[in-house]
Amino acid sequence: MVLRGKKGKSPPFMSQEFIIQNHGDIVSCVCMVVMVGLMFQVTQPLAQTFIAAQYNVTKEADSDSDVMYTSGVKDLCTIFFYTLCWIVLHAIIQEYILDKFNKRFHMSKTKYNKFNDSGNILPFYLLSIWFAIEQIQKLGIMQNFSKLWENYPAQEMSFMNKFYFILQIAYWLHCFPELYFMKVKKEDVKEKVPIYCLYLAFISAAYIMSGTRIAFLLLAIHYVPEALFDLTRIIHCAGKTDISQHGFVFWAVSFVLARVATISLAVFIIGFGLSKYNVPNVDIAHGNFNTQTLRVGWLAAIVLIQAWMAWNFITFQVRRYRERTPQKKPKSDGKQEKKKKKHENGLEKSPSLKNKKE
C-alpha cells in the first residue's frame, strides 16, 4: 500500500523511503504470520497469546454466565498485535479513502495534513463513543450511578470490555510510528507526542487499577467534542466554510461543557463516592487501589489536565480572535503618509518648478 509514493522510479529495497511507502504491506505481512500460527498445533499457544484475550477467570460451573477476564502481563502481547492491526487499518483508510478525497478537492499542504489527521482519527472517536455508551447502558450505570464506587474494584471484565481497552491502548501506541510513516514535521511531533502519552497514561491506569467503568463514562464525555472538532475540520478543509463556522461554535460549547462535566464527575465519584470504601493499603491481588493517597493523585491529575486543556483552548480562541480582527494603524502615521502623498503629487503636477530651478 503505497501511501505517498511518487510515480516513476521506485526507491531502493528496504531503504527509508521504501519502508515509508510500503509500511502497510510490511506490517500486514507480520500480522498474517501471527494469524497463520493459529493453524499449527505447535505454534497455536504462542499465536493465541497475541490474538486472543488472556486471563479468563470464568469457572466451569458458571457456563451460563458471561465469560469474564482480568488484566495481566500477557496483555502486552495482545496490545502489540493490535497495534500492528491499527497501522494496517490506518494505511487502508489513507490510501483508499482519504487520498481519493484529497485528489478531488485539490487541497494545500496545510489542509492536506489536517484533513488526513482528522479523517484517520474521526472513525476511532465515533466507534469509541458508540461502544462506551452501549456499555454504560448494559452496566446500568445511568440507572444506578452509585455502581461506579459500590462495585469497585471492577477487576473482572467481559470480553468486549477488555477488548475495548486493549484497542484503546493499541490505538494510541500506533500513533507514535505513524508520526514517522506520515513524515510529520518536528514542530507537530512536539505537540502530538505529549497528547499521546497522556492518553496512554490515563487509559492504562484505568485498565490496570480496575477503573474501567469510570473510564467508560469519562472517555465518552471527552471524545464527543474531539469528534465534533475533527468532523468540522474535515468540512472546513473540503471548502464548506459556512457549515464549518457553525460546527466550530458547537465544538467550542461542547468543549467547555465536557471540561466542566469531567471535573464535576471526577470530584463526585473519586472525591466523595470512593472515599466511603477507602482501604488502608493497596490490594494488588484483588485489584483494589482505593487508598487516600491514590485518590488524591487521580483527582489532581484529572483536574490539572482539564485545566491545561482549558488554558490551551482559551489561548487558541484569543489568537484566533486577534487574527480575525483587523489592526488599526496609528492616526499620526496616516497623517504623515497623506502629507507625503500630497507633496509628491504636487511635484508631479507642477513641472514648471523644476524648469525654474534648472
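This is a predicted model: local features need pLDDT of at least 70, side-chain atom pairs count only at pLDDT 80 or more; totals for chains, interfaces and linings use all residues.

User: Why are α10 and α11 called roughly antiparallel?

Analyst: The axes of helix α10 (residues 241-273) and helix α11 (residues 292-324) cross at roughly 165°. Angles over 145 degrees count as roughly antiparallel, and α10 and α11 are therefore described in that way. Their axes come within 10 Å, and α10 passes α11 in a left-handed crossing.

User: What makes this pair a contact, and which residues of α10 and α11 take part?

Analyst: Contact requires heavy atoms within 4.5 Å. On the α10 side the residues include Phe 248, Trp 251, Phe 255, Arg 259, Ile 263 and Ile 270. On the α11 side, Arg 295, Trp 298, Ile 302, Met 309, Phe 313 and Arg 320 are among them. By class, the contact of α10 with α11 has 17 nonpolar, four polar and three charged residues.

User: Which residues of α7 and α9 meet, and how do they divide by class?

Analyst: Asn 161, Tyr 164, Phe 165, Gln 168 and Trp 172 of α7 meet Thr 212, Ala 215, Phe 216, Leu 219 and Tyr 223 of α9. Seven residues of this contact are nonpolar, three are polar and none is charged.

User: How do you know whether α5 and α7 are roughly parallel or roughly antiparallel?

Analyst: The axes of helix α5 (residues 109-139) and α7 cross at roughly 155°. The cut-off for roughly antiparallel is over 145 degrees, so α5 and α7 are roughly antiparallel to each other. Their axes come within 11 Å, in a left-handed crossing. Among the residues that meet are Ile 121, Phe 124, Phe 131 and Leu 139 in α5, and Met 160, Tyr 164 and Trp 172 in α7. The contact of α5 with α7 has ten nonpolar, five polar and no charged residues.

User: What makes the phi of Tyr 55 worth a remark?

Analyst: Most residues other than glycine have a negative phi. Tyr 55, by contrast, has a positive phi, near 65°. Tyr 55 is found in the loop between α3 (44-51) and β1 (68-69).

User: Why is the peptide bond from Tyr 152 to Pro 153 called cis?

Analyst: The omega of this bond is near 0°, and the bond is accordingly cis. Most peptide bonds are trans. Pro 153 lies in the loop between α6 and β2 (157-158).

User: How many cavities of 30 Å³ or more are counted, and what makes a space a cavity?

Analyst: A cavity is a set of points where a 1.4 Å probe fits but cannot get out. The count comes to one cavity of 30 Å³ or more, and about 50 Å³ of space lies in the largest cavity.

User: Which residues line the largest cavity?

Analyst: The lining consists of Lys 147, Leu 148, Asn 151, Tyr 152, Ala 154, Ser 210, Gly 211, Arg 213 and Ile 214. The elements giving two or more residues to this lining are α6 (147-150) and α9 (212-237). By class, the lining has four nonpolar, three polar and two charged residues.

Note on methods:
Residues are numbered from 1 along each chain as its sequence is written. Side-chain values use heavy atoms; hydrogens and water are left out. On a 1 Å grid over the protein atoms alone, a cavity is a set of points where a 1.4 Å probe fits but cannot get out, and a pocket is an open set with protein on both sides within 12 Å along at least five of seven lines; lining residues have an atom within 4 Å of a point. Grid points are joined across faces, edges and corners, and a volume is the space filled by probe spheres set on the points. Helices (H or I, at least four residues) and strands (E, at least two) are DSSP runs, numbered from the N terminus. Ala, Val, Leu, Ile, Met, Phe, Trp, Tyr, Cys and Pro count as nonpolar, Asp, Glu, Lys and Arg as charged, and the others, Gly among them, as polar. Axes are lines fitted to C-alpha atoms, for helices over the stretch in contact, and angles run from 0 to 180 degrees between N-to-C directions. Angles under 35 degrees count as roughly parallel, over 145 as roughly antiparallel, 65 to 115 as roughly perpendicular and the rest as oblique. A crossing is left-handed if the near helix is turned anticlockwise from the far one by less than a right angle, and right-handed if clockwise.
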